[in-house]
Amino acid sequence: TFKAVCVTCEVTVNISKEEEIENIKLVVSDLCAILSVAQGRNIQWIYYNVYDKEENITSQGHENRVTKPYCSLEIIDERSETMEKFIEMSYKAFAKDQFLLRNNKYIINAYIDSKLTNDYLEQRGLKLSLVTELFKELLLKTKPEFEYIINEENFKKIKPDIKKAFKDILVQNVDSTSRNKMYKNVSGLNRTPFHDILSCFCKYINLQIEADDLQLIIKIRNSLVHTGTFFCRNTDCTDDDIRKYPQLKSPATEYFFLLNFVDKCFLKLLCYKGLYINWSNPNEIKEEELI
């Protein structure tokens with residue numbers, strides 16, 4: 001009701017010696033991370049008590065944690081059977097592939113922040129755009145060869161020839177100052193376009209997405225990043241775009257369309273298959289099967 005920060009549950013773990021506590025802390029932290037994804041809100045553990053066999057407290061510990069307000073944009077229903085299935089699937093994937101989300105929990109933090117309703121919608125959209133950028137960096141950490149179109153060393157060898165070709169074309173019509181500015185962008189010719197990297201990321205996590213939907217995601221991302229506004233409010237948005245994409249009805253429909261894409265990316269990163277809550281149409285929230 002008040003969207004406050006509060007203690008909502010406790011975890012009980014049997015241990016044989018206190019040396020096991022550090023490992024248990026890691027396990028519980030991992031569970032909090034995947035539960036944060038499931039519930040769309042920041043879930044943290046903040047303290048622990050150690051009891052002896054007579055249930056007397058022998059020691060206590062407190063953690064300095066960053067907490068966030070409550071948010072209701074969950075993607076996994078709280079029904080016990082649904083949540084149990086999610087935890088079993090996602091924890092195995094989370095713990096197994098440490099080079100994805102487990103070692104990059106800042107991506108989860110950015111994702112949860114993008115759902116908080118204490119920000120303007122444009123700021124929440126910008127945070128979602130940031131998450132798509134982080135997906136790109138996540139892929140490049142795993143598949144660094146995707147960053148460049150051709151081998152970087154080979155490109156460096158032909159870079160002087162490219163500059164010369166530009167000079168031969170531009171020298172008659174463009175002043176030297178402008179030419180020098182263009183030369184500084186030559187290295188960018190060899191970088192894989194964001195659209196292609198995001199497409200590769202979707203294939204890497206086995207997320208099927210229509211080409212038109214991916215194109216719209218890129219348009220929304222570009223508009224938010226470069227102008228700070230949603231694409232439907234951008235002068236580049238045409239009547240044909242609005243007719244083609246019902247998601248451009250309003251900034252809210254754009255936000256929830258982008259949010260649903262990011263939600264599915266996280267579920268796929270956690271190797272989840274099953275029912276999830278589709279927020280793409282906030283007027284008709286429904287559970288769908290993710291396969």
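**Entry 1, largest pocket.** I sorted the lining of the largest pocket by class and got 25 nonpolar, 11 polar and 11 charged residues. For this I took Ala, Val, Leu, Ile, Met, Phe, Trp, Tyr, Cys and Pro as nonpolar, Asp, Glu, Lys and Arg as charged, and the others, Gly among them, as polar. The model is a predicted one, where local features need pLDDT of at least 70, side-chain atom pairs need 80 or more, and totals for chains, interfaces and linings use all residues. Residues are numbered from 1 along each chain as its sequence is written, and side-chain values use heavy atoms, without hydrogens or water.

I noted a volume of about 1600 Å³ for the largest pocket. Its lining has 47 residues, and the closest to the centre are Cys-9, Glu-10, Val-11, Trp-45 and Tyr-47. A pocket here is an open set of points on a 1 Å grid over the protein atoms alone, where a 1.4 Å probe fits, with protein on both sides within 12 Å along at least five of seven lines; lining residues have an atom within 4 Å of a point. The volume is the space filled by probe spheres set on the points, which are joined across faces, edges and corners. From α1 comes the largest share of the lining, eight residues. Helices (H or I, at least four residues) and strands (E, at least two) are DSSP runs, numbered from the N terminus.

I looked up its ring next and found an aromatic pair with Tyr-48, tilted, at 6.2 Å centre to centre and 55° between the planes. Rings of Phe, Tyr and Trp (its six-membered ring) pair if their centres lie within 6.5 Å; under 30 degrees is stacked, over 60 edge-to-face, and the rest tilted. Trp-45 counts as buried because its relative accessibility is 10%, while Tyr-48, at 23%, counts as partly exposed. The cut-offs are under 20% for buried and over 50% for exposed, with partly exposed in between (1.4 Å probe, protein chains only).

The most, five residues, come from α11.

I checked pLDDT, the predictor's confidence in each residue from 0 to 100. The protein chain has a mean of 92, and 99% of its residues reach 70 or more. Helix α3 (residues 98-102) is lowest at a mean of 79, and α11 is highest at 97.
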